[in-house]
Structure formats: C-alpha cells, structure tokens
Amino acid sequence: MATKTFKLNTGADIPALGLGTWQGESTLVKDAVVAALKAGYRLIDTAYCYGNEEHVGAGLKEAFDQGIVKREDVFVVTKLWATYASRAEVGLEKSLRNLGLEYVDLFLVHWPLLMNPEGNDDRFPKLPNGERDILRDYSHIQIWKNMEKLVESGKTKAIGVSNYSKRYLEELLPHATIVPAVNQIENHPQLPQQEIVDFCKEKGIHIMAYSPFGSTGSPVTSAEPVVKVAEKHGVKPTTVLLSYHLYRGSTVLPKSTNPDRIEANAKLIELDAEDQKLLNDYSEQLVKEGKVQRYIYPPFGVDFGFPDKS
C-alpha cells in the first residue's frame, strides 16, 4: 500500500506516502530522510520555513551516493515561504541551493499571503507591537502568477498550493493559467475539510494531507472510532489514520525522525467499507456539532476562508 501512487493533473505520478519534515530537529532530519528512503518512501516533503532544507538535502545526497535511490525515483516537495511570495524565483533558487538539487518535483505556495520581504527577519518579520509584518494589500492571486512563471524554467516540475480553503481556490482559479497540481492541507478525521477535498477532486487538484495525527498529544489517535478500527485489524491507531487517506485518494505525510516509527508508518492497510463508514460518520458528527479540531493555524491574523476559522 505504501508504494501506491496517484496521478497529478500534470500527468506525473505522486506517491501516496511521504515523509514530512516539519519540526524535525535539523541534526536528525538527514538520517530520517535516509531511513525513509531505505524503508520504501519515495516522497520527501520540506519547506524553506522549516529551516532544515540543507539537512534534507544532505540525506538525499547520502541516499543517492549509497545507491539506495536515484534522483528521478524520489518526489521532492518544498514550499515558497511568505517572505518570498513576491520573489518566487528567488525563493525557489534558495530552496534548490539548500537541497543541493537542480529541480524539485513540486513547489507549493506555503500560505497565501506576503510577509514583508524587507522586514526585520528572513522568515518571521514582526512589527514593533509583536504582530506579524504582513503586506495585506498583496493578492494571493499575484503570488500564484509569480509561481506560474517558474514552470518553464524546469526548476520545478509542478506547482501547487498549501493551506488553501475552498473560498481562496474559487477566487484563484478564474485567474489561473495553470491549475494547481496539489493543495496540501491539514487533514484527519477530526478535520475532514470535506468541502475542500470535494472541490479539489472536482477541479483535478490532488490533496496532500499533513498532520494526519493532529499534533503531539492531540486526541485523534485515541478517538473511539479510530481505536475500534485499529483493534479490528490488529494494528495501531496511527496505521488507521494514515490508511484513512488512501481510500480518500490523498497523499499523506507522517513526520518522524525515529527510524522504527518511519518504518512502521509505511505499513498501511486497506480499510473496508465498514471502516470507512465508521470514520466518515465520526467526522460528519463533529462537523454537525461544530467540534472539528484544527491543530495547525499560525497567528497571521488573516481570514483564509476556512469555515471553522472564519
């Protein structure tokens, strides 16, 4: 199941399982990348904002040098950070230099906003009052136009978005020359975001799910339906939460720097109709009661159009 792929609107295949590297300690990320590729992962997801692209690149180089994989066998994803949203070509070049690569397979708009490129910090510029230094009159549509110019350079095989709501996609698509290949969003049974998933499917935009376990200490893994399905199959709740995305047709990005956990996360199962109904009913009930839980939402002070945050 971990070797399953999906077809993007570009015609390229994207793996169903990838290694997420957000919050991965820099010193451990290199070894985690090597361990993941040894365990059969063929997608590595990172971002300039994570501050560990160099270590991801070092892990890729080691795997290439050891003959574990070839460059063309690995789907590498990174993201345009908000301080570079008006300078997409500069952001991509910095990421490529950090990664030690000539191209990435997918380059995503990390968040649809522009933070001050001349602010007091390269990643998180702040105003004197401590708020994020955001240029609020810069349209996310212009950010996408900046991204579209990158494709013909060959330095990214595809472009996409991350953290885009249905409303933002509806604003973007009439102005897009290139339809985003991917929308990477937080996704799990406690935050199904079905309106976005369904809209993306209709428009041919592939969903990549991050934070599939919620966050550290979150109750997603102990939710009764998840535990029930896990017990039925004799697997851990984390296996169920990862496998949940395969039947939804989405790529999932568990993050870990523990080699044993990385290997365990690759052992996915096929959920049957009964399992799927149990998980879907749970999600629908949370939506109905207004109890969905979003674990990742930076303090930008911007309404990105998500129903649970608007």
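Which residue in E9 is the bridge partner of asparagine 183? The partner is isoleucine 207, and the legends below place this pair in its surroundings. The structure is a predicted model, in which local features need pLDDT of at least 70, side-chain atom pairs count only at pLDDT 80 or more, and totals for chains, interfaces and linings use all residues. Residues are numbered from 1 along each chain as its sequence is written, and side-chain values use heavy atoms, with hydrogens and water left out.

**View 1. The open sheet and the pairing of strands E8 and E9**. Eight strands form an open sheet with parallel pairing, in the order E3-E4-E5-E6-E7-E8-E9-E10. Strands (E, at least two residues) and helices (H or I, at least four) are DSSP runs, numbered from the N terminus. Two strands pair if DSSP finds at least two bridges between them. Strand E3 (19-20) and strand E10 (251-253) are at the edges; each has a single partner strand, so one side of each lacks a neighbour in the sheet. Within the sheet, strand E8 (residues 182-186) and strand E9 (residues 206-210) pair in the parallel sense over 5 bridges.

**View 2. Helix H6 and its two sides**. In helix H6 (residues 194-203), the residues Ile196, Val197, Phe199 and Cys200 are buried. They lie on the same side of H6 because they cover an arc of only 170° around the axis, the arc being that of the directions from the helix axis to the C-beta atoms. On the other side of H6, Lys201 and Glu202 are exposed. Buried means under 20% relative accessible area, exposed over 50%, and partly exposed in between (1.4 Å probe, protein chains only). Helix H5 (166-172), E8 and E9 are among what covers the buried residues of H6. Glycine 204, with a positive phi near 75°, follows H6.

**View 3. Asparagine 163 and glutamine 193, two loop residues with positive phi**. Asparagine 163 is in the loop between strand E7 (159-162) and H5. Its phi is near 60°, a positive value in a residue other than glycine. Asparagine 163 has 4% relative accessibility, so it counts as buried. Glutamine 193 is in the loop between E8 and H6. Its phi is also positive, about 45°, although glutamine 193 is not a glycine. Glutamine 193 has 5% relative accessibility, so it counts as buried.

**View 4. The largest cavity and its lining**. A cavity is a set of points on a 1 Å grid over the protein atoms alone where a 1.4 Å probe fits but cannot get out, and lining residues have an atom within 4 Å of a point. The count is 1 cavity of 30 Å³ or more. The largest cavity holds about 40 Å³ of space; grid points are joined across faces, edges and corners, and the volume is the space filled by probe spheres set on the points. Its lining consists of Tyr48, Lys79, Leu80, Trp81, Tyr84, Gly91, Lys94, Ser95 and Phe107. Strand E5 (75-80) and helix H3 (88-99) are the elements that give two or more residues to this lining, and H3 supplies the largest share, 3 residues.

**View 5. Valine 229 in helix H7**. Valine 229 belongs to helix H7 (residues 224-233) and is buried, with a relative accessible area of 1%. Leaving aside residues up to four places away in sequence, valine 229 touches Val240, Leu271, Asp275 and Leu278; contact means heavy atoms within 4.5 Å.

How values were computed. 1 Å grid on protein atoms, 1.4 Å probe; cavity = no way out; pocket = protein on both sides within 12 Å on 5 of 7 lines; lining within 4 Å.
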